[in-house]
Amino acid sequence: MRDMLLIALYAFVGAAAAGLLGAAVLRPLRRRSVAVSLAVVATVAVTAMLSGTLAVAWAMFLSPHDLSVVTTVVAMAAVVSLGTALLLGRRVVVSARELALAARSFGEGGVFTAPGAPAPAELEALSRELSSTSLRLAASRERERALEASRRELVAWISHDLRTPLAGLRAMSEALEDGVVADPARYHRQIRTEVDRLNSMVGDLFELSRIHAGALALTPARVSVHDLVGDALAGAGPLAREQGVRLVGDRVAPVPVEVDGREMTRVLANLLVNAIRHTPADGTVAVAAERRADSVVLSVTDGCGGIPAHELPRVFDTGWRGTEARTPPAGAGLGLAIVRGIVEAHAGRADVRNVDGGCCFEVTLPAARS
C-alpha cells in the first residue's frame, strides 16, 4: 500500500509540473487560434503522462531498456494525440471561419444563411441563434416598412382632410367679412360644424400619438360591461337616429371587467360610430357581450355588406379607410387604430370578421378577478 501511494505521489508531481508549464504556455496564446490551443492541450496531456512515467521510473530504478520502451510508447501516443488535436482544431477553425463569413454577409445584406458543412455542437447552436435572429430582424424590418408606409398614407390623408374644412372655413369667413351672406346664421352653424370636425381629428391624432408613444395612462376600475355598453349606446343614439339606423343591445351580459371606463367608452363609441356610418338606412347595428372562459368578449355587428377578405388584416392599421365606398364623410381612418391601441393597452385583443350582410368587430378583454 505504501509503495502504491509513493507511485501515485511521484506520478502526480511529474504530471502537475507538466500541467503548470502548459498553463503558462496557454496564457499568452489565449487569443490565438483554437487549433493552437488544442495542440498545446494535447501536448500537455502527453507530457504530463510522460513526466509522471519518468518520475515513477526514476523512483523505481527501472532498467534502461524498460525506460526506453516506456518512453517510446509514450512518444507514439504523443504523435497520435497531437495529430488528432491538429485535425480537430483545423475542423473547428474551418467551421468558425465559415460561420464568420456567413455572419459578415448577415451584417452587410441583412440575411443570414447558415453554412451547410457539419460543425461542432456549439457552433451549430450559434448558427441556429443567428438564423432565428435573422428571421426576427426580417419580420421587424417588414413591420417597420409597413408602418412607414402607413404613416406616409396617414400624412397624405390628414393633409387632404384638413385642407378641405380649412378651405371651407376660409371661404365662409371671407363671405361673412364681405357681407355678401344672405343667411349669416347658417354660415355660423356650418363653421361650428367644421370646427368640431377639425377638433375631433386633432383629438384622434393626439390620442393615437399617446398610444404609439406608450404614454397612455390607464386608471383601471371594476365596472360592469352592461354599464359600459349602455353609456356607449346612449352616446351613439343621436347619430343612429340621424342615419336611420336601429341600435340593438339586448344581448349584453352583466359581467364585470377591470378597465379604464373612459378609454373603453371611447373604444365602444368608435366601433359604434364606424358601424352606424357604414350601415344603410333601416339597417341594424347590434351590440353584444358575453363571457368566454377567462375573457369577456364585446362585439359590434353592422350591416355594411362586408369587407374584402384581402383587406381584413389591415382594418386596424393607422390610416386604413378601406374602399372608396366605405370612406366616411369625416375622419382620417384613425378610429379603429385607436380601438386596437386602447384594447391592447388593456392586455386585450381586437378582431374583425365578415358575417352575413356585414362585419362583426370583437373586443376580447381579460375577465375581472373574483
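Student: In which sense do strand β2 and strand β4 pair, and over how many bridges?
Tutor: This is a predicted model, where local features need pLDDT of at least 70, side-chain atom pairs count only at pLDDT 80 or more, and totals for chains, interfaces and linings use all residues. Residues are numbered from 1 along each chain as its sequence is written, and side-chain values use heavy atoms, without hydrogens and water. Strands are DSSP runs of E with at least two residues, and helices are runs of H or I with at least four, numbered from the N terminus; two strands pair if DSSP finds at least two bridges between them. β2 (residues 246–252) and β4 (residues 284–292) are parallel, over five bridges.

Student: Which residue in β4 is the bridge partner of Leu 247?
Tutor: β4 also runs antiparallel to β5 (residues 295–301), joined by seven bridges, with Val 287 opposite Val 300 in β5. In β4, Leu 247 has as its bridge partner Val 285.

Student: Which residue in the turn of the β4 and β5 hairpin has a positive phi?
Tutor: Two residues lie between β4 and β5 in this hairpin. The phi is about 55 degrees, and the residue is Ala 293.

Student: Which helix gives the most to the lining of the second largest pocket?
Tutor: The second largest pocket has a volume of about 310 Å³, and 15 residues line it, with Arg 340 among the closest to its centre. α4 (121–178), α5 (184–212) and α8 (335–345) each supply at least two lining residues. With five residues, the largest contribution is from α8.

Technical notes:
On a 1 Å grid over the protein atoms alone, a cavity is a set of points where a 1.4 Å probe fits but cannot get out, and a pocket is an open set with protein on both sides within 12 Å along at least five of seven lines; lining residues have an atom within 4 Å of a point. Grid points are joined across faces, edges and corners, and a volume is the space filled by probe spheres set on the points.
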